Amino acid sequence: MSRTLSFYENPPPDRWKELCLRPVMNHQALEEIVREVFRQVKNNGDEALVRFTQEFDGVGLNSLSLHEEEILQAGSHLQADLKASIDAAYHNIFTFHQTQIEKSSITETSEGVFCWRESRAIERVGLYIPGGSAPLFSTVLMLAIPAQIAGCEEVILCTPPLKDGTVHPGILYAASLCSVKKIFKVGGAQAIAAMAIGTNSIPSVYKLFGPGNQYVTAAKLHAMGIGVGIDLPAGPSEVLVFADDTGIPDFVAADLLSQAEHGEDSQVLLVTTDKHLAGKVENSLARQLENLPRKNIAAAALKHSKVVFFENVDSAFSFINQYAPEHFIISSDHANNYIKKIRNAGSVFLGHYTPESAGDYASGTNHTLPTGGYARTYSGVSLDSFIKKITFQEISPGGLHTLGPHVVNMARAEHLEAHARAVEVRLKGMIS
């Protein structure tokens, strides 16, 4: 049987790093392209954005912005069933993210010394919504809902226009549900540059959010270098499916293809402890691939995707944790038994009836997740992504009388005399 995916059997740990590599472009070439885009946007503003939109998207624009009326009327251009589905997704995503609101509580660390933490929304945030061949209105919900709950004062949304110069009504309807009113028809690295730097039309923001291709990811990292925050490095999509001998081949194959169709630079992996299952999945992949509208894209992604077989479950999960998948599906009758073995993953999908697609759209969890192994150190987007935590402290005279000498001792030991005196002047003031 000819294999759709590369097959590896019990690879030794010294080969795991190689197997965890994602398909990437030349970083230096990417950085040079992005640096030039930022330079053009900084020097020429909206003019550069219009030119890039013509060059990269093949769309000529008279205006970058949408009128509020266009946004509010978007729902009338959607079929009733799609509108109802977006409404249901909005409800679930809002419900889940609202539970993340953290109540402030005051802790008395020692007598008379009070410390606490309060949340403040990031005032100005920029949301990047991929468009083009796959307008991701679901991403609007994933980003704008937590921004709405957090209370961000200004939300800027950029998305590539369709070939006729409009924006998909699903994107606009989702934005209207989240009270997003500033939407601009610009995509790619140039959209990130515009929100980072600011132009006559597009305000600059304090933090950037949203997934995208390698150009968008490189642009976000460049923006971070000039002082703009980013959510996380979210590049080409990926999924890893773990299946034991209870895995269902057709389900596994469908999950692999659901990510492969995102883009040619997407990556899918099957890690299994059942060699026979791997062959069945291969057959199902070939069969299902033939019926996909985005067959060519998915097929290209599968060329750099893999099946990795391990006889030992612990070795399989050690490898998975090193890979640190964006999406991690456990296809097993006993999925809950594996939960404690998971250390690194963006989002986990348990059992046969929890497809990754549910998390992409409507279960409630966020689909903006760390890729490229960044799940080892980053979490996915959440309410916390749109807020800052500010610490407060208040000390009573009695509290400073007790704590102060310790601060003085430590400050002098570090040769910071002014720190010590800032305490002593207060202690002397209390005595007098």
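Trp 116 counts as buried, at 18% relative accessibility, where buried means under 20% relative accessible area, exposed over 50% and partly exposed in between (1.4 Å probe, protein chains only). The structure is a predicted model, in which local features need pLDDT of at least 70 and side-chain atom pairs count only at pLDDT 80 or more, while totals for chains, interfaces and linings use all residues. Residues are numbered from 1 along each chain as its sequence is written, and side-chain values use heavy atoms, with hydrogens and water left out.

**Aromatic pairs**

- In the whole structure, a search finds 13 aromatic pairs; rings of Phe, Tyr and Trp (its six-membered ring) pair if their centres lie within 6.5 Å, and planes under 30 degrees apart count as stacked, over 60 as edge-to-face and the rest as tilted.
- Trp 116 and Phe 392 form a stacked pair, because their ring centres are 5.5 Å apart and their planes stand at 5°.
- This pair links distant parts of the chain, 276 residues apart: Trp 116 belongs to strand E3 (residues 113-121) and Phe 392 to strand E14 (residues 387-395).
- Phe 392 has a relative accessible area of 27% and is therefore partly exposed.
- Phe 310 and Phe 319 make a tilted pair, since their ring centres lie 5.7 Å apart with the planes at 45°.
- Both Phe 310 and Phe 319 are buried.
- One aromatic cluster is formed by Phe 242, Phe 317, Phe 328 and Tyr 338.

**Charges over rings**

- The charged end of Arg 22 sits over the ring of Tyr 323, 3.6 Å from its centre; the criterion is NZ of Lys or CZ of Arg within 6 Å of the ring centre and within 35 degrees of the ring normal.
- Arg 51 lies over the face of Phe 52, at 5.4 Å from the ring centre.

**Fold and extent**

- The chain has 15 helices and 14 strands, taken as DSSP runs numbered from the N terminus (helices H or I, at least four residues; strands E, at least two).
- The C-alpha trace spans about 90 × 60 × 45 Å along its principal axes.
- Of the contacts (heavy atoms within 4.5 Å) between residues at least 6 apart in sequence, 75% join residues at least 24 apart.

**Burial, surface and charge**

- Of the 432 residues of the chain, 49% count as buried.
- The accessible surface comes to about 20,700 Å², with 52% belonging to carbon and sulfur atoms; the areas come from the Shrake-Rupley method with a 1.4 Å probe, and for residues only the protein chains shown count as cover.
- There are 36 positive and 46 negative side chains in the chain, and the centres of the two sets lie 4 Å apart. Lys and Arg count as positive and Asp and Glu as negative, with His and the chain ends not counted, and each charge is placed at NZ of Lys, CZ of Arg, CG of Asp or CD of Glu.
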